[in-house]
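Please read them beside the sequence and the coordinates.

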Amino acid sequence: MYVLDWEELYYLAKRYYIKYGHLNVSYEYCVLYKDTNICLGAWIKKQRELKKRNKLSEKQITLLEEIGMIWKKNKKNIIMISIGKLDINLQRNFMMRMVI
């Protein structure tokens, strides 16, 4: 079994962020990477827990914040993420219509 390092898991989180525009990843969300099933949602949750316990480096915190990490979920954050998802979907639909 291949064990991923932090940078590889960050890369997967960044790919998710680029695709969906947020890191509000469900805990159950997994992705196949290098023939290994990676539970990205569990990793994101773990990063929140590690930050709470001061176990992440400043560089790791900065990198995660650059891709939209929300450290503490609350209703306002979830609403803003939902609006962002809606905006991305509207943009994609508009672009699809422009192509047709």
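1. Which residues of α1 are buried? Bearing in mind that this is a predicted model, the buried residues in α1 are Trp6, Glu8, Leu9, Tyr10, Leu12, Ala13 and Tyr16. The elements that cover these buried residues include the strands β1 and β2 (36–38), together with the helices α2 (40–52) and α3 (58–66).

2. On the geometry of α1 itself, the helix has 15 residues and reaches 21 Å from its first C-alpha to its last, which is close to the 21 Å expected at 1.5 Å a residue. Glycine 21 follows α1, and the phi of glycine 21 is positive, near 80 degrees.

3. Is histidine 22 buried or exposed? Histidine 22 counts as buried because its relative accessibility is 7%, where the cut-off for buried is under 20%. The side chain of histidine 22 also reaches the backbone nitrogen of asparagine 24, at 2.9 Å.

4. Turning to pockets, the largest pocket has a volume of about 160 Å³, and its lining is made up of Arg48, Glu49, Lys51, Lys52, Trp71, Lys72 and Lys73.

Definitions and conventions
Residues are numbered from 1 along each chain as its sequence is written. This is a predicted model: local features need pLDDT of at least 70, side-chain atom pairs count only at pLDDT 80 or more; totals for chains, interfaces and linings use all residues. Side-chain values use heavy atoms; hydrogens and water are left out. Buried means under 20% relative accessible area, exposed over 50%, partly exposed in between (1.4 Å probe, protein chains only). A polar contact is a pair of N or O atoms within 3.5 Å; within protein, one must be able to donate a hydrogen and the other to accept it, and residues adjacent in sequence count only if both atoms are side-chain atoms. Helices (H or I, at least four residues) and strands (E, at least two) are DSSP runs, numbered from the N terminus. The expected span of a helix is 1.5 Å times one less than its number of residues. Contact means heavy atoms within 4.5 Å. On a 1 Å grid over the protein atoms alone, a cavity is a set of points where a 1.4 Å probe fits but cannot get out, and a pocket is an open set with protein on both sides within 12 Å along at least five of seven lines; lining residues have an atom within 4 Å of a point. Grid points are joined across faces, edges and corners, and a volume is the space filled by probe spheres set on the points.
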